[in-house]
Amino acid sequence: MPAHDERAKGSRVSIRTRSSESFSLRRATADDSAGILECLSSAFAPFRASYSERGFVDTILTPETINDRLQEMVVFIAVQRGRIIGTIGCKVNESEGHLRGMAVRPEWQGSSVATGLLAVAEQEIYNAGCSTISLDTTEPLKRAMRFYEKHGFRATGKVDDFFGMPLFEYRKQIRGK
């Protein structure tokens, strides 16, 4: 588990990447909506052709649905020089946490942004007393699948329909629970 509880409590955490560019992680607010939408759109643009129209809109959200996401989930963002460069949402259902909407702008992919976002979301879920974390991802996101597997998630074999495309479930047991 991440070592810094304050990350999940909303404090800013600064992280220096290998390129000496730093970014901070914090909880998102409604004021961050436009930046989150830009981040999601940028991150998923290369996969647009693989999604149905409804599936793509559900993934990148809209000005209306971002508000729902912010009300239903705790959303974290990575910020660098005032620009949102990554985002992730998490929520708790009884003893299980669920991740949704992980996105990192293309120019920041392969840096520590995704790892930092995952760490704060996992800490939030851990602090809520959960023993399991789940997430779902689509077939075009093979790099994301490898990232999740590298961080302890395993495919469960459960496949649902996501607007006409396969949606694969992944789970991870949280240590110490």
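User: Among contacts between residues at least 6 apart in sequence, what share joins residues at least 24 apart?

Analyst: This is a predicted model. Take the contacts in the protein between residues at least 6 apart in sequence. Those that join residues at least 24 apart make up 63%.

User: How many helices and strands does the protein have, and in which pattern?

Analyst: The protein has 5 helices and 8 strands. Read along the sequence, they follow the pattern β-β-α-α-α-β-β-β-α-β-α-β-β.

User: What percentage of the residues is buried?

Analyst: Buried means under 20% relative accessible area. The protein has 177 residues, and the buried share is 47%.

User: Are helix 1 and helix 3 roughly parallel or roughly perpendicular to each other?

Analyst: Helix 1 covers residues 33–44 and helix 3 covers residues 63–72. Their axes come within 10 Å and cross at roughly 105°. Angles of 65 to 115 degrees count as roughly perpendicular. The two helices are therefore roughly perpendicular.

User: Which residues make that contact, and how many of them are charged?

Analyst: Helix 1 brings Ser33, Ile36 and Leu37. Helix 3 brings Pro63, Ile66, Asn67 and Leu70. By class, that gives 5 nonpolar and 2 polar residues, and the charged ones number none.

User: How does helix 1 lie relative to helix 2, and what is the term for it?

Analyst: Helix 2 spans residues 53–60. The axes of helix 1 and helix 2 are 9 Å apart, and the packing angle is about 135°. That angle makes helix 1 oblique to helix 2.

User: Which residues of helix 1 and helix 2 meet, and what are their classes?

Analyst: From helix 1 come Leu37, Leu40, Ser41 and Phe44. From helix 2 come Phe56, Thr59 and Ile60. By class, the contact has no charged residues, 2 polar and 5 nonpolar.

User: Is aspartate 32 buried or exposed, and where does it lie?

Analyst: Aspartate 32 sits in the loop between strand 2 and helix 1. Its relative accessibility is 9%. The cut-off for buried is under 20%. So aspartate 32 counts as buried.

User: Which residues is aspartate 32 in contact with, leaving aside its neighbours within four places in sequence?

Analyst: One partner is joined side chain to side chain: a polar contact of 2.8 Å links aspartate 32 and arginine 26. Isoleucine 66 is 34 residues away in sequence, and its C-alpha is 9.8 Å from that of aspartate 32. The contacts asked for are with Arg26, Arg27, Ile77 and Ile84.

User: How far is the backbone nitrogen of threonine 29 from a polar atom of the side chain of aspartate 32?

Analyst: Threonine 29 lies in the loop between strand 2 (22–27) and helix 1. At 39% relative accessibility, threonine 29 counts as partly exposed. Its backbone nitrogen and a polar atom of the aspartate 32 side chain are separated by 2.8 Å.

User: What is the C-alpha separation of threonine 29 and isoleucine 77?

Analyst: Along the chain, threonine 29 and isoleucine 77 are 48 residues apart.

User: Which side chain does the side chain of glutamate 124 make a polar contact with?

Analyst: Glutamate 124 lies in helix 4, residues 113–127. Its relative accessible area is 16%, so glutamate 124 is buried. At 3.0 Å, its side-chain partner is arginine 27.

User: What is the distance from the sulfur of cysteine 90 to the nearest cysteine sulfur?

Analyst: The structure holds 0 disulfides. A disulfide needs sulfur atoms within 2.5 Å. Cysteine 90 is in no disulfide, and the nearest cysteine sulfur, that of cysteine 130, is at 9.2 Å.

User: What are the relative accessible areas of cysteine 39 and cysteine 90?

Analyst: Cysteine 39 is buried, at 0%. Cysteine 90 also counts as buried, at 2%.

User: Where does arginine 81 lie, and what is its phi?

Analyst: Arginine 81 is in the loop between strand 3 (74–80) and strand 4 (83–93). With a relative accessible area of 73%, arginine 81 is exposed. Its phi is positive, in a residue other than glycine, and near 55°.

User: What is the phi of glutamate 94?

Analyst: Glutamate 94 lies in the loop between strand 4 and strand 5 (96–104). Glutamate 94 is exposed, with a relative accessible area of 80%. Its phi is a positive value in a residue other than glycine, near 60°.

Note on methods
Residues are numbered from 1 along each chain as its sequence is written. This is a predicted model: local features need pLDDT of at least 70, side-chain atom pairs count only at pLDDT 80 or more; totals for chains, interfaces and linings use all residues. Side-chain values use heavy atoms; hydrogens and water are left out. Axes are lines fitted to C-alpha atoms, for helices over the stretch in contact, and angles run from 0 to 180 degrees between N-to-C directions. Helices (H or I, at least four residues) and strands (E, at least two) are DSSP runs, numbered from the N terminus. Angles under 35 degrees count as roughly parallel, over 145 as roughly antiparallel, 65 to 115 as roughly perpendicular and the rest as oblique. Contact means heavy atoms within 4.5 Å. Ala, Val, Leu, Ile, Met, Phe, Trp, Tyr, Cys and Pro count as nonpolar, Asp, Glu, Lys and Arg as charged, and the others, Gly among them, as polar. Buried means under 20% relative accessible area, exposed over 50%, partly exposed in between (1.4 Å probe, protein chains only). A polar contact is a pair of N or O atoms within 3.5 Å; within protein, one must be able to donate a hydrogen and the other to accept it, and residues adjacent in sequence count only if both atoms are side-chain atoms.
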